[in-house]
Amino acid sequence: MPHPAQLTDITHRLLPGPAGRIHAVELGSGPLVLLLHGFPESWYSWRHQLPVLAAAGHRAVAVDVRGYGRSSKPDAVDAYRMLDLVADSVAVVEALGERSAVVVGHDWGATVAAHSALIRPDVFRAVGLLSVPYAPPGGPKPSEVFAQLGGDQEEFYVSYFQEPGRAEREIEPDVRGWLAGFYAALSADTLPAPGAPDPHFVSPGKTLRDRFPTGRRPSWLSEDDLDVYAGEFERTGLTGALNRYRAMDRDWKDLAGFAGAPITQPSLFLGGALDASTTWLSDAIAAFPTTLPGLCASHILEGCGHWIQQERPEEVNRHLLDWLTSLPTA
């Protein structure tokens with residue numbers, strides 16, 4: 001597997017987007033595969049996929065999602081609603097001179113990828129989802145659902161993220177240490193021990209990082225890798241990234257017309273067996289015959305945590321290439 005430092009052929013682009021600029025990293029030529037990262041990451045999350053996809057004859061493009069890295073960071077929370085992120089995905093395809101793309105996302109990027117395929121099937125001909133399964137719009141208001149998850153004694157992390165500035169005050173004094181703990185808390189080889197407090201929840205008067213593992217770095221995360229992530233967030237702050245969580249109720253209103261809608265394009269799902277995104281959302285995975293009628297393959301990787309394309313790059317790359325090869329010619 002090439003080390004990121006060896007990716008000397010990658011091209012960095014600043015593309016025009018609805019909010020200003022979108023930073024994209026490109027490698028290879030051929031049918032376009034657009035790669036969307038999650039929280040709290042960057043284009044760098046796809047460092048193991050870019051050279052492999054390019055070598056297989058694809059134009060692999062990983063972006064910094066709006067609010068991250070070198071992409072624009074609007075101030076308004078409403079600027080991070082799903083419709084705007086879908087518009088960014090379309091803008092990247094158009095700015096690259098393409099008419100269609102396969103879109104692949106991880107974590108929040110998976111949700112953006114899914115909705116890009118749902119809302120703009122004319123642009124996105126297939127969709128790959130990593131870690132977070134597709135669940136159609138609809139149902140109760142998100143903030144009300146998340147508020148109930150912790151009960152009286154705990155607060156779910158998504159609720160904790162809602163108040164502007166609150167999570168920033170926890171994270172930004174020690175971005176590198178916080179990121180290291182967050183990555184460790186959701187990685188297979190550094191997960192909290194069975195019976196330990198769940199790192200997805202916050203105790204009253206405490207912070208999220210109080211439950212993170214300490215003194216343990218995941219095997220997939222080198223010190224150089226951590227330097228890349230920390231360097232970006234030390235420069236940009238966390239508000240743009242956190243605003244995605246703060247826009248969820250706006251999505252609930254915006255997407256009401258798509259309630260229950262399936263994604264019909266060819267699709268792929270990859271999840272980690274030790275990832276709460278997979279286990280908590282098992283009902284969404286079970287509903288795939290209805291919600292993803294074009295599903296080509298679904299794989300749960302045993303012994304894998306949340307950071308799937310970084311924890312298990314060889315397996316993820318193999319599944320991605322098998323799926324991409326099976327798709328109709330663009």
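The model is predicted. His 115 lies in helix α3, and His 23 lies in strand β2; each is treated separately below.

**Packing of α2 on α3**

- Two packed helices are described by the angle between their axes and the distance between the axes.
- For α2 (residues 82-95) and α3, the angle is about 80° and the axes are 9 Å apart.
- The two helices are therefore roughly perpendicular, since angles of 65 to 115 degrees are classed that way.
- On the α2 side, the contact involves Met 82, Leu 83, Leu 85, Val 86 and Ser 89.
- On the α3 side, the residues are Trp 108, Thr 111, Val 112, His 115, Ser 116 and Ile 119.
- By type, the residues of this contact are seven nonpolar, four polar and no charged.

**His 115**

- His 115 belongs to α3, which spans residues 108-119.
- His 115 counts as buried because its relative accessible area is 7%, and the cut-off for buried is under 20%.
- Leaving aside residues up to four places away in sequence, His 115 touches Met 82, Val 86, Arg 120, Pro 137 and Leu 255.
- The side chain of His 115 reaches the backbone oxygen of Thr 111 at 2.8 Å.
- Ala 135 is 20 residues from His 115 in sequence, and their C-alpha atoms are 9.9 Å apart.

**His 23**

- His 23, in strand β2, is buried, with a relative accessible area of 1%.
- Its side chain makes a polar contact with the side chain of Asp 64 at 2.7 Å.
- Beyond four places in sequence, the residues that His 23 touches include His 12, Arg 13, Leu 14, Trp 43, Ala 62, Val 63, Arg 70 and Ser 71.
- His 23 and Tyr 160 are 137 residues apart along the chain, and 29 Å separates their C-alpha atoms.

**Backbone features**

- Most residues other than glycine have a negative phi, and most peptide bonds are trans.
- The peptide bond joining Phe 39 and Pro 40 is cis, with omega about -15°.
- Pro 40 sits in the loop between β3 and α1 (50-55).
- Asp 107, though not a glycine, has a positive phi of about 60°.
- Asp 107 is in the loop between β5 and α3 and is buried, at 10% relative accessible area.
- Ser 131 is not a glycine either, and its phi is positive at about 80°.
- The loop between β6 and α4 (142-149) holds Ser 131, which is buried, with a relative accessible area of 0%.

Methods. Residues are numbered from 1 along each chain as its sequence is written. This is a predicted model: local features need pLDDT of at least 70, side-chain atom pairs count only at pLDDT 80 or more; totals for chains, interfaces and linings use all residues. Side-chain values use heavy atoms; hydrogens and water are left out. Helices (H or I, at least four residues) and strands (E, at least two) are DSSP runs, numbered from the N terminus. Buried means under 20% relative accessible area, exposed over 50%, partly exposed in between (1.4 Å probe, protein chains only). Contact means heavy atoms within 4.5 Å. A polar contact is a pair of N or O atoms within 3.5 Å; within protein, one must be able to donate a hydrogen and the other to accept it, and residues adjacent in sequence count only if both atoms are side-chain atoms. Axes are lines fitted to C-alpha atoms, for helices over the stretch in contact, and angles run from 0 to 180 degrees between N-to-C directions. Angles under 35 degrees count as roughly parallel, over 145 as roughly antiparallel, 65 to 115 as roughly perpendicular and the rest as oblique. Ala, Val, Leu, Ile, Met, Phe, Trp, Tyr, Cys and Pro count as nonpolar, Asp, Glu, Lys and Arg as charged, and the others, Gly among them, as polar.
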